[in-house]
Structures are given as C-alpha cells and as structure tokens.
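Hi,

Here is the structure I promised to pass on. Have a look first, and my notes follow below.

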Amino acid sequence: MEEGLPEVSSNSRFQGLAQSLPRQKLSAISAEDLPRFSTGVEEFDRVLGGGLVPGGVVLLGGDPGIGKSTLLLQALAEMSSAGMNVLYSSGEESAAQIALRAKRIALDAPQLEVLAEIQLEKLLSIMDTVKPQVLVVDSIQTLYSEVLSSAPGSVAQVRECAAQLTRAAKSSGICVLMVGHVTKDGHLAGPRVLEHIVDTVLYLEGDRFQAYRLLRSVKNRFGATAEVGVFEMREGGLVEVTNPSEAFLAERLVNAAGSTIAVTM
C-alpha cells in the first residue's frame, strides 16, 4: 500500500470509490459533452437539458397523485419501444397494479419490464444482473437497506438507499430516476442532503384537480435550470403542451370589461 493513502476495508460499501484516488491534471481531462439519449417525451428532454445522461441520477419530486409515476411510465414505454433496455421498479404498487394503470392510459409497451421490490440489496443485485440502461425507482421512500434497522422512509434509510443507488449508477453507467414525495411545505420528504447526492432535481407541480402540470428543474449538473415543461393530464395520461401561451390564453374571459394581459418582472 502506498504511503499517505487511507486504508480501505475490503468489505466497505465505499470500496468502489477507491479507484478514484490517483490524481489528474485538469488540462489533461477531456471536456467533451456527455452523450445523451432521448426519453421519447420532448418536454421531458428539454427540462433535462437535452435528454438523459448515462450514469446520471435524477430525482423527480411532487405531491402524491400529481402524475410522477405516469410521466416516468410513459417515458420508459417510449424508450422500450425504441429498443432500449429499461426497468421500472415500484415499492408502492404491485406488478398487477402497474399493468392496470398502463392499461387505463392505453400504454402500449410489451417489452417494458416491471418489478415490485423494496429491499435495496435485492434491487442492486437485479441491476447488476439485468444491467438496464435506465432504472426507475418509485419511490425512494419505500426502499430499505438491511444494513440499517430503521424503518423505510426514515432519514437514515432514504439517505443510505440514495447514496448506494448513486454509487451503483456511477460505477455501471446505468441512468437512475428516483421518485420522491414532498411534504406539506413543498420540500422533498427525507433529508435535504438527498438533493445534494443526485445530479438533477425536478419538480412536477400543479393542482391535482386541474389539468395542467408544470415540470421544472431546480438543480441540473448537466444543463440549465431555466426550462419549464408543460403537460396536460388527460384520460390517456400526460400530454405535452407544445404551445403553453395559446393554451393558457384560451382559458381567459373573452371581451371581459376592464381586463388586460401584461407581463411583469
């Protein structure tokens, strides 16, 4: 062992990071743009900065019932139809319930693989065996690790599971999308450190009793955070709104006395 380097235990969960100890000069590191692949949903791609990045970790937050699972299921269906190897892992619904939801929104994805699993170690083993290009974990609050004795959804469990999934994504090149619920004050349930672990943090917002949904980015290591995607919830799932101005202006009162439309900053 070289002098001055810390000793890493052979059974440490951080053992995979030991490979990054040798240093490099900044001038010698390639600064090419990372390759991306499309989710099949243009508004989703635009908010992500052009698509998903291999090895990237995306956290999608939002209120219960706002459409997070529907959006990701639709995106995975599009990617599987394009020939990509994708996996949808749910800890909140059984495989039968996922199939019923897909049928309800008329989703045609015969090659999409689904899994109902809440144990982190089993999920990591399946990731290593199946090696999907994209993995969806719905949701991070339902996962638990056998290393910890606390209940699923606790601060320690959420932090540990997110860290382990992020490490697995970086070492394997699998893109991981995690669903996270938000609290009453609008923050992601669990530790705020969760937002620092992942590469991208997205929020799906809107009134669940209204049709429109806004997808915005509050953190993106691979792109800007100025883009906003607009969707409309219909019987067939979330539909992209390509011209939001026209959609929102169509709802205003026509010839209303004294009304005006203005842009302010």
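To start with, which residue is the bridge partner of L204 in strand 7? It is L215. A word on the source: this is a predicted model, where local features need pLDDT of at least 70, side-chain atom pairs count only at pLDDT 80 or more, and totals for chains, interfaces and linings use all residues. Numbering starts from 1 along each chain as its sequence is written, and side-chain values use heavy atoms, leaving out hydrogens and water.

Strand 6 (residues 200-205) and strand 7 (residues 212-220) run antiparallel and are joined by 6 bridges. (Strands, E of at least two residues, and helices, H or I of at least four, are DSSP runs numbered from the N terminus; two strands pair if DSSP finds at least two bridges between them.)

They belong to an open sheet of 9 strands with mixed pairing, in the order 3-2-4-5-1-6-7-8-9. Its edges are strand 3 (113-116) and strand 9 (237-240), each pairing on one side only.

Helix 5 (residues 155-172) packs on the sheet, touching strand 1, strand 4 and strand 5; contact means heavy atoms within 4.5 Å.

The largest nonpolar core has 33 residues, and F44, L52, M79, V134, L177 and L215 touch the most other members. Such a core is a set of buried Ala, Val, Leu, Ile, Met, Phe, Trp, Tyr and Cys residues joined through side-chain atoms within 4.5 Å, with buried meaning under 20% relative accessible area (1.4 Å probe, protein chains only). Helix 2 gives the most to this core, 7 residues. A second, separate core of 27 residues includes V158, C161, L165 and V182.

Best wishes

Technical notes:
Axes are lines fitted to C-alpha atoms, for helices over the stretch in contact, and angles run from 0 to 180 degrees between N-to-C directions. Buried means under 20% relative accessible area, exposed over 50%, partly exposed in between (1.4 Å probe, protein chains only).
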